[in-house]
There are 2 protein chains.
Amino acid sequence: MLTKNQTKRILSLSKKKQRSQEQMFVSEGVKVTQEFLDAQYEPIEIFSTDSFYAQYSNAFVHTSTQELSKISSLKTPNKVLAIFRIPKPKPIDDSALILALDDLNNPGNLGTIIRLCDWFGIRDLVCSPATVDCYNSKVIQAAMGSHTRVNINYTALAPLIKSADNAMGTFMEGTSVYASNFPNSGILVFGNEANGISENISSLLTEKLSIPRFGAFKKTESLNVANAVSIFLSEYRRRSTET
Amino acid sequence: MLTKNQTKRILSLSKKKQRSQEQMFVSEGVKVTQEFLDAQYEPIEIFSTDSFYAQYSNAFVHTSTQELSKISSLKTPNKVLAIFRIPKPKPIDDSALILALDDLNNPGNLGTIIRLCDWFGIRDLVCSPATVDCYNSKVIQAAMGSHTRVNINYTALAPLIKSADNAMGTFMEGTSVYASNFPNSGILVFGNEANGISENISSLLTEKLSIPRFGAFKKTESLNVANAVSIFLSEYRRRSTET
């Protein structure tokens, strides 16, 4: 049985302010929730139609499907929803390539980018403070558990860029990523969906990279930022397979 | 002023069956609609708060913002909505790389893939008959006008694959795309979001390609299909810049 207070708490965690105050987030669905459990994230409360989850927390609450649908952010609620403690991010390791996001807005894009970092073995993802919160429920769902394998920090990008071995950014116009001298370490910045990289960050970058456009028309206005990330990370890793 | 019949017709075009019967689709928003107009798609009717569009069609209807919101599929209706005739696709050109989709489900993915074909100069996109309709409004919005520069055919994939110079498919396990002998022509198949490439198509393919997973964990379950497409097309074009 779900109490009024529990319902209220879960729904309140849909707000960034509340998540940040309580240092908690909500995960939904069997697969994603299992990833957090397996990675030893601390479950504060688990709500499920399946008593399987009782093993993970004393604060296990057996709920009906109807109750789950009241607290779910999904159209078709899955059989488990859990509240986890937000872990403290680890310090940034600047001996490898760091991916940085300058005011990214869209939660689906951020989730996909976290998944791409996981796929391509990028340990550190750094987000500017105005970037969408990585514990937003849409980000959690889109990243499919990759949060557990990517170290995400929210911090001002400028100081990091200033101290980086290589400070690269992606632009519509720039050196082709295929022809560029893509280094093994440094910081690679992607900008906001509508406005790209902001002026004050752009002026600090020493390399401006782009993905060339092909074909007869060359009229496509832009690539989706998550697609751009996938192309850059693939190219970065391809080179590591050649040496 | 918008008549009841006009409203009914526009709303009915949200159904695939109706679009297919009438051979018409709906476009929304200034940018996307302008792309179709510039590419000489035949506007059947244009509804807008801006009389600028009267130049494109005798069937121009001046509408209020309130009227537009009644016929719009968008949360925030943009100032123009148009009905266009679906053009006949051109024959498939098998002298270049053809991208094929085997039962792709998600309209956002299809829209992004059309945009990627446009960016990377892939002329022919072939969709299996069960693939989501490319004139679905979500596909139209996600592709941002790239429909006008990519030739999209819906047809059974098997005959095409049988006659192709090279029949490649993307799988979770296969030759690394970086190490493979990626040919200039042939067909490259991507599968359904949940199930991948179907058995009967898979058995016809002569090359099974994959994107290697990197990093210490190698636990990411899969890449989003649009991200996979972006990586394959980037790799295909990168090679063309090297020769």
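The model is predicted, and local features require pLDDT of at least 70, side-chain atom pairs count only at pLDDT 80 or more, and totals for chains, interfaces and linings use all residues. Residues are numbered from 1 along each chain as its sequence is written, chains are lettered from A and ligands numbered from 1 in the order in which they are written, and side-chain values use heavy atoms, with hydrogens and water left out.

Chain A and chain B bury about 3300 Å² between them, of which 63% lies on carbon and sulfur atoms; buried area is the accessible area (1.4 Å probe) that two parts lose on being put together, summed over both. On the chain A side, Trp119(A), Arg149(A) and Phe214(A) supply 24% of the area buried against chain B, more than any other three residues. The contact (heavy atoms within 4.5 Å) involves 34 residues from chain A and 34 residues from chain B.

In chain A, 4 strands form an open sheet of mixed pairing, in the order E1-E4-E2-E3. Helices (H or I, at least four residues) and strands (E, at least two) are DSSP runs numbered from the N terminus, and two strands pair if DSSP finds at least two bridges between them. Strands E1 (24-28) and E3 (60-62) of chain A each have a single partner strand and stand at the edges, so one side of each is left without a neighbour in the sheet. The twist averages 15° from one strand to the next; axes are lines fitted to C-alpha atoms, for helices over the stretch in contact, and angles run from 0 to 180 degrees between N-to-C directions. E1(A) pairs with strand E4 (residues 80-85) of chain A in the antiparallel sense over 5 bridges, and Met24(A) has Arg85(A) in E4(A) as its bridge partner. Helix H1 (residues 4-12) of chain A packs on the sheet, touching E1, E2 (43-48), E3 and E4 of chain A, and its direction makes about 110° with that of E2(A).

In chain B, Thr148(B) lies in the loop between helix H6 (137-143) and strand E7 (151-154). Thr148(B) is buried, with a relative accessible area of 19%; buried means under 20%, exposed over 50%, and partly exposed in between (1.4 Å probe, protein chains only). The side chain of Thr148(B) reaches the backbone oxygen of Gly145(B) at 2.8 Å. Beyond its neighbours within four places in sequence, Thr148(B) is in contact with Glu35(B), Phe36(B), Ala39(B) and Tyr41(B).

The structure holds 0 disulfides over all chains, a disulfide being a pair of cysteine sulfur atoms within 2.5 Å. For Cys117(A), the nearest cysteine sulfur, that of Cys127(A), is 8.8 Å away.

Conventions: A polar contact is a pair of N or O atoms within 3.5 Å; within protein, one must be able to donate a hydrogen and the other to accept it, and residues adjacent in sequence count only if both atoms are side-chain atoms.
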